[in-house]
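Subject: Structure handover

Hello,

Here is the structure I promised to pass on. My notes on the fold follow below it.

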Amino acid sequence: MRILFLGDIVGRTGRDAVMAHLPDLRRTLRLDLVVVNGENASHGFGLSPSIARDLMEAGADVITLGNHSWDRKDLIGHIDQEPRIVRPANYPPGTPGQGSVVVTLVDGRKALVINVMGRQFMEALDDPFRAVADVLSRHRLGVTVQAAVVDIHAEASSEKWAMGHVLDGRVSLVIGTHTHTPTADHRILSGGTAYQTDAGMCGDYDSVIGMAKDAAIARFLRRMPGERLQPAEGEASLAGMMVETDDTTGLARRMAPLRLGGLLAPTTPDF
């Protein structure tokens, strides 16, 4: 299975870039599954139902979320009707939506996508490790699903590394989101799971993690709240990771980063 994961989509410039490039990427890279993190897609904070529909029409199969899951109140009444929008699985019981989804591809193969949120320097949610274990107890990689992707939306790289090692050999890909900065540590772990600490963002990198520079910098200089942060609106870079898995085991065979447009040095998977 050929899987593309795109990091946090930030604001209009990020989502416009994703929607412009994704149809061609699906064709040229022969993608079977596309997962995007959309928790910053609506003006930098949250995800609206209409933008979710636009991203899916452009070629996203699943949209994961994070700490801005509920910034758009209109998503709360919509998320139970759209299982392909996945919020962190370690929200408490009774929270709207679902923390995982199984997607059936056109050829009948199945892919599991799980979203969890870290707890270090983040909201005090339930245990993300236990939440993933609970979901995986209902699925068998290479048997009931041919691939499994885990998006860990977390601040601390240590927590993401720990999740990667705990899940090594049990899922196809563990990939971090939230810091909006692509890391250079992508690798296939010893048990066959592809791993990257952070996928980066799809947005304007002439910014402070996707936000217009002046207001963001002022908060650091003055240590006071100022004007509301707004997404930067220069040319966006797409940042993500492509993984190819083995259908028999569900584990990763190869992986490569994708960076396209904007300020980042371009790189495109060549397999």
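**Overall size and make-up**

The protein has 271 residues, and a compact globule of that length would have a radius of gyration near 18 Å; the protein has 17 Å, which agrees. Please keep in mind that this is a predicted model. Along its principal axes, the C-alpha trace spans about 55 × 40 × 35 Å. The protein has six helices and 14 strands.

Valine 36 stands opposite isoleucine 63 of strand 4.

**A hairpin**

Strand 6 (residues 100-104) and strand 7 (residues 110-117) run antiparallel. Five bridges join them. Take valine 102 as a reference point: its bridge partner in strand 7 is leucine 112. The hairpin has five residues between the strands. What does glycine 108 do in this hairpin? Glycine 108 takes a positive phi, near 95°.

**Helix 4 against helix 5**

Two packed helices are described by the angle between their axes and the distance between the axes. For helix 4 (residues 128-136) and helix 5 (residues 157-167), the axes come within 11 Å and cross at roughly 30°. Angles under 35 degrees count as roughly parallel, so helix 4 is roughly parallel to helix 5. The crossing of helix 4 past helix 5 is right-handed.

Which residues meet here? From helix 4 come Pro128, Phe129, Val132 and Leu136. From helix 5 come Glu159, Ala162, Met163, Val166 and Leu167. By class, the contact of helix 4 with helix 5 has eight nonpolar residues, no polar ones and one charged. Glu159 is among the residues of helix 5 in that contact, and Glu counts as charged.

Best regards

Notes:
Residues are numbered from 1 along each chain as its sequence is written. This is a predicted model: local features need pLDDT of at least 70, side-chain atom pairs count only at pLDDT 80 or more; totals for chains, interfaces and linings use all residues. Side-chain values use heavy atoms; hydrogens and water are left out. Axes are lines fitted to C-alpha atoms, for helices over the stretch in contact, and angles run from 0 to 180 degrees between N-to-C directions. Helices (H or I, at least four residues) and strands (E, at least two) are DSSP runs, numbered from the N terminus. Angles under 35 degrees count as roughly parallel, over 145 as roughly antiparallel, 65 to 115 as roughly perpendicular and the rest as oblique. A crossing is left-handed if the near helix is turned anticlockwise from the far one by less than a right angle, and right-handed if clockwise. Contact means heavy atoms within 4.5 Å. Two strands pair if DSSP finds at least two bridges between them. The radius of gyration is taken over C-alpha atoms; the globule rule is 2.2 Å times the number of residues to the power 0.38.
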